[in-house]
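Okay, folks, I'd like to walk you through the charged pairs in this one. Have a look at it first.

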Amino acid sequence: MSQRVNSRGYLSQQELHSAPGYPSHERLEKGPVVAIECIEEIPCNPCEQACPQHAIIIGKPITNLPHLDEDKCIGCGLCIPQCPGQAIFLIDLPYLQGAASVAFPYEYLPLPKEGQKVRAVNRAGEPVCSGTVIKVQNPKRNKQTPVVTVAVPRKYATEVRGILRSRR
Ligand code: SF4
Ligand code: SF4
């Protein structure tokens, strides 16, 4: 049976860590890898089809939770914009000394700019720390789901899942 979103409306880190799409701490320490925070057994598999490394396995039935083969993931991020549930994030724990990077889908305008200082938010949308935008990607293949990457203090890497929206 799948884990269900609890009364808080989002899953705790502890709950997510037991999901089959969440990488191990050892893998996170090695460099860029996705965290697939998909915990509902729904008929969906674009993430599996998007991964050229075959690092995401759903198989049959299509309601299986996505399983991450963490050693195959090269951290390309191609799967992030293909997920309709916006449940895939890319974490680079050893990005810089003391700083990690986190990439996430961001479908708001205006898009942030590279170098911009931002407030990073957790899964509940609560600000947790300051960050700097290091990449904004919006090629055609993203199908209008831009991917934003921010650098944040390393200790917040598994918490940060977005940024506060910029004012127009
Ligand atoms: S980041 Fe790239 S290699 Fe890793 S699961 Fe996604 S598409 Fe596959
Ligand atoms: S595409 Fe997203 S919502 Fe669909 S199974 Fe994959 S991670 Fe879950």
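So, let's begin with Glu37, which is buried, with a relative accessible area of 12%; buried means under 20%, exposed over 50% and partly exposed in between, using a 1.4 Å probe and protein chains only. Before I go on, this is a predicted model, where local features need pLDDT of at least 70 and side-chain atom pairs count only at pLDDT 80 or more, while totals for chains, interfaces and linings use all residues. Residues are numbered from 1 along each chain as its sequence is written, chains are lettered from A and ligands numbered from 1 in the order written, and side-chain values use heavy atoms, leaving out hydrogens and water.

Back to Glu37: who's its partner in a salt bridge at 2.8 Å, N to O? That's Arg123, partly exposed at 23%. By salt bridge I mean a side-chain nitrogen of Lys or Arg within 4 Å of a carboxyl oxygen of Asp or Glu. Arg161 comes in too: salt bridges with shared partners join Glu37, Arg123 and Arg161 into one network.

Next pair: Arg154 and Glu29, with the closest N and O atoms 2.7 Å apart. They link distant parts of the chain, 125 residues apart, with Glu29 in helix H2 and Arg154 in the loop between strands E8 and E9. Helices (H or I, at least four residues) and strands (E, at least two) are DSSP runs numbered from the N terminus. Arg154 is partly exposed at 33%, and Glu29 is partly exposed at 32%.

Then there's Lys72 with Asp69, at 3.9 Å. The total is four salt bridges.
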